[in-house]
Amino acid sequence: MVTADLAYYSLVAVYSAMAIYTISFVAFALDLAKRSGDAQQAAARAAKAEALATASVSRSAAGGSTVVLDRPSRGAGGAASASTGAPAKASSFERVAIAMMLLGFVVHVASVVLRGLAAGRVPWANMFEFSLTGTAIIVGVYLAVQLVVNLRFLGAYVMGLNLVLLAIGTVNYYVAVSPLPPALQSAWLVIHVFVAILGTAFFAIAAGLSAAQLVQTKREQSKLAGLRFLDTLPGAERLEDLAYRIALVGFVLWTFTLIAGAIWAERAWGRYWGWDTKEVWTFIIWVLYAGYIHARATRGWRGARSSWLSIIGFAAVMFNFSVVNVFFKGLHAYSGL
Amino acid sequence: MARSSDRDGGDATRASSAAAGADTGVTDTGLTDADATDVGGDPLRPSDHIDSVRPGPSDGAGITQPKLGPLGYLRFFWRQLTSMKTALFLLMLLAVAAIPGSLVPQRTSDPNGVVQYRTDHPDLFPVLDKLGVFDTYSSPWFSAVYLLLFISLIGCIIPRTRHHFEALRARPPKTPARLSRLAGYRSITLETAGGAGDDAITAARAVDAARAQLKRSGYRTQVFGDSVSAERGYLRETGNLVFHSALVGVLLTVGVGGGFGYSGQRVVVEGQTFSNVLGSYDSFNPGRWFDETQLSPFSIALDEFSTEYAPDTAGGAGMATDFTADVTAQARGGDAERTQIKVNSPLSIGGSNVYLLGNGYAVDVTVRDGEGNVAFRDTVPFLPQDTNLTSLGVIKVPDALPDQLGMIGFFYPTAADNGTGALTSTDPDTTNPVLSLNVYSGDLGLDAGVPTSVYTLDTDGLTPLAGTDDDAQEKAVQLTPGETATIPDGLGTITFDGVKRFASFDIHHDPSQVWVLLFAGLSFAGLLTALFVPRRRVWVKATETGDGVRLEYAGLARGEDPTLGRAVGDIAKAHLGGLGVPADVAREVADDPARHDVEKPGPAAEGRGRKI
């Protein structure tokens with residue numbers, strides 16, 4: 001197939017993915033709405049469960065005549081799971097949302113691959129391609145993290161962010177496939193940029209969790225009467241823990257990006273660090289997240305205060321990706337707008 | 001910064017962990033009920049570290065502080081500087097202080113941008129310049145922030161390193177009296193009634209097995225009567241210290257090492273040779289401790305410069321896809337070597353690197369003056385102005401008689417009429433090369449001894465002869481290769497002999513950069529270790545009861561440790577398996593306290609456990 005055909009099919013796939021993601025987004029939003037109702041019922045159930053909490057279950061192990069298993073009721077554990085109140089079963093909205101997300105992701109990845117085939121190189125050499133691949137990686141990382149912890153409540157955020165980035169990138173910054181300028185012809189393009197995007201994906205999810213944590217904190221302090229679906233989310237402390245761990249992964253990746261970028265800069269521009277605008281912002285982001293990690297270890301800063309830093313950090317990442325690319329002058333200018 | 005390692009203590013269990021945090025361990029009496037509230041923190045962390053001792057109520061407000069002497073104040077400021085809050089504040093300040101440098105052009109990276117900024121904002125420029133915004137990253141205020149930060153950092157690394165060395169030699173602390181208060185706690189009672197003889201499970205045997213098992217998994221162990229106390233993950237703190245020390249290393253090598261290097265630029269036209277001596281550089285930036293003898297003698301001759309363009313069939317047609325400088329390089333004492341310099345692929349020679357950073361066209365021009373003598377014959381580099389390489393250059397002919405001649409010219413590799421009668425270049429390749437010159441006569445001002453750029457011509461006081469100037473008698477001189485044109489007023493002729501390519505080389509020598517890379521690599525390795533190696537204590541306790549042997553397992557996180565509960569479970573499973581307990585029972589004990597990370601064992605948990 002010819003380059004132009006491949007690029008065209010890639011574009012078709014992008015728009016298809018956006019359509020599917022939109023369905024997923026709506027379903028996630030409906031799920032959040034449904035959670036509000038569930039939370040109400042859960043509260044009622046919890047009251048009933050309290051009465052039964054004293055019951056103990058005992059059973060004897062099969063075949064073990066000398067073995068007697070005695071299991072007293074797990075008061076503490078039982079109460080904990082009731083207070084989190086997470087619905088044991090995913091709602092149908094949620095199932096639809098996840099299914100659509102998976103489908104959208106497959107189409108999205110196909111579009112990334114087609115674009116790469118069309119260009120005959122990695123598909124992240126200009127602004128449109130960054131957006132295309134970057135959003136795919138955000139969804140990929142979200143789905144991967146999803147395998148370890150249940151972050152479905154974050155689906156609406158991930159899909160929303162993804163749709164906005166993908167739509168802006170495709171509608172405003174679409175460019176035809178073009179060959180790499182000599183400065184980008186390096187193995188570091190594959191490593192440096194890919195790790196940067198991967199780091200961004202982790203920061204995005206961490207920021208979403210931090211935002212959820214801030215709202216949850218407000219609710220736990222009974223300053224928010226509405227938003228009942230928050231009852232179905234983990235507690236603020238758990239959200240903070242998750243956000244922190246995910247941001248840590250992002251921070252490690254970002255550190256690597258910084259070092260790999262410096263090595264590449266030495267090869268391409270003859271100096272490893274020159275305070276180019278993009279370098280400056282990558283450094284600022286690194287310092288912000290370093291600050292976030294330290295804030296969590298500082299008395300009086302753990303909790304809501306440090307979480308703001310995670311959100312500010314991600315805002316800086318987005319700023320670096322958008323405003324710095326488009327409006328600032330610098331050596332990273334061939335993002336081929 | 002070094003402070004960050006052990007941040008945690010989110011839940012009740014881990015808050016009490018600080019009690020066991022007296023790292024020396026040997027003197028630790030273990031956790032008792034009283035300890036859980038009497039939190040003896042890590043004395044070597046800043047006082048506002050989350051794991052350190054919370055100031056008692058007596059330190060609170062309303063207490064009259066004793067008068068501080070000079071030494072007291074010094075100590076006070078030192079404590080302030082090395083506190084977590086100050087470090088955090090300085091970090092944030094560093095992030096904010098770096099912003100201005102991205103908003104306005106910097107002299108180091110974009111000197112032309114600074115000049116342009118001065119023209120665009122004549123009122124604002126002097127103010128900003130006074131503030132040092134155009135040299136943000138070497139300005140006093142930016143330097144102050146990072147220097148304070150690093151002093152604060154060093155003030156933290158040193159005591160913690162000392163402390164860590166002590167901890168490395170210490171034995172694990174005594175087993176706490178009540179393990180049930182700790183993370184991942186689980187217990188099981190093994191009935192010994194049935195199995196007498198060699199197979200009988202005794203407390204001593206269980207303890208021995210636990211010790212051997214923990215040792216195998218890399219724990220440092222110590223037996224206290226009927227229990228094993230084990231600790232692992234010292235590497236976490238080591239990594240943390242390495243990370244922060246390496247950052248100091250990066251700063252020092254960048255700051256000090258950079259002073260021993262130099263960098264310079266030189267434009268070389270095809271056929272020319274560059275020798276690495278000070279005089280042959282177009283521009284040169286020596287480091288603080290640079291010495292001319294550092295210039296290693298080598299020469300580079302540019303044999304050919306070639307550019308590849310994207311084919312017309314693909315997207316981005318006409319775009320340059322490859323630049324190659326074929327050179328003959330020779331270091332002193334070495335043989336001449338034919339090699340290539342490309343973007344992303346510099347040439348390393350004589351301890352320096354030669355980078356290909358720019359290219360363009362140079363025109364071969366011969367000027368005969370009004371008396372018919374050759375007044376000028378040279379190859380003049382023209383600087384590219386756009387992506388299609390419309391290039392701007394200046395030709396100065398000081399030897400022309402009767403008047404000196406000056407020319408400002410544009411070179412169009414592929415000339416085309418842009419519709420208004422003016423020329424423009426539509427392609428970077430030389431498919432229709434045209435040289436267009438505005439010619440002036442008069443005193444070029446070269447004899448005044450004032451250094452002038454070869455790329456600019458001050459036309460004030462010169463007489464325009466040909467060009468766009470209103471006073472000029474003729475339109476600009478337009479030449480294709482091989483053509484000759486006459487200069488108005490009988491001042492001579494000008495011949496466009498041909499076009500050559502030039503390459504712009506950057507020559508860098510920085511002996512410190514390999515050290516910077518080394519420290520950067522070290523800090524990354526340290527970071528990985530500090531963040532992902534869990535540091536934890538684990539206890540296995542075996543007590544003989546009337547029913548049999550009661551086994552208890554518990555752990556204690558020292559720093560972020562999300563998998564502690566699972567780890568204790570795995571230890572229990574392996575231990576029970578080793579003692580001959582049926583696998584399904586062992587698994588059940590291991591799996592019992594599901595989701596330990598959210599569970600907070602309270603007093604009710606005491607009774608939890610199983611009998612076999």
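Start your tour by selecting A:F202, A:I205, A:I246 and A:A247: within the largest nonpolar core, which has 186 residues, these four touch the most other members. Keep in mind as you click around that this is a predicted model.

Next, colour helix 7 of chain A, residues 236-269. This helix supplies the largest share of that core, 19 residues.

Which residues is A:I205 in contact with, leaving aside its neighbours within four places in sequence? Select A:V141, A:Y142, A:V145, A:L154 and A:I246, and you have them. As general background, nonpolar side chains tend to be buried together in soluble globular proteins.

Time to zoom out to chain A and give its two domains their own colours. Domain 1 takes in 1-47 + 82-179, while domain 2 covers 182-337. Their C-alpha centres sit 20 Å apart. Where the two domains make contact, 32 residues come from domain 1 of chain A and 27 residues from domain 2 of chain A.

Stay with the side of domain 1 of chain A that touches domain 2, and highlight helix 1 (3-52), helix 4 (127-148) and helix 5 (155-173). Each of these chain A helices supplies at least two residues of that side. Which helix gives the most to it? Helix 4 of chain A does, with 9 residues. Colour this side of domain 1 by residue class and you'll get 23 nonpolar, 7 polar and 2 charged residues.

Let's hop over to chain B. Chain B has 612 residues, and buried ones make up 41% of them. If you draw the contacts in chain B between residues at least 6 apart in sequence, 63% of them join residues at least 24 apart.

Is B:V223 buried or partly exposed? B:V223 counts as partly exposed because there are 17 C-beta neighbours inside 10 Å, and being buried takes 20 or more. Leaving aside neighbours within four places in sequence, the contacts of B:V223 are B:V207, B:R211 and B:V228. Now try a distance: from B:V223 to B:E588 is 27 Å, C-alpha to C-alpha, and the two are 365 residues apart in sequence.

For the last stop, select B:V207 again. B:V207 belongs to another core, apart from the largest one, with 36 residues, among them B:W539, B:L556 and B:A557.

Note on methods: Residues numbered from 1 in each chain as written. Chains lettered and ligands numbered in written order. Predicted model: local features only at pLDDT ≥ 70, side-chain atom pairs only at ≥ 80, totals over all residues. Buried ≥ 20, exposed ≤ 12 C-beta atoms within 10 Å, placed from the backbone. Contact = placed C-beta atoms within 7 Å. Domains from an automatic or database assignment. Helix = DSSP H or I, 4+ residues; strand = E, 2+ residues; numbered from the N terminus. Nonpolar A, V, L, I, M, F, W, Y, C, P; charged D, E, K, R; others polar. Core = buried A, V, L, I, M, F, W, Y, C linked by C-beta atoms within 7 Å.
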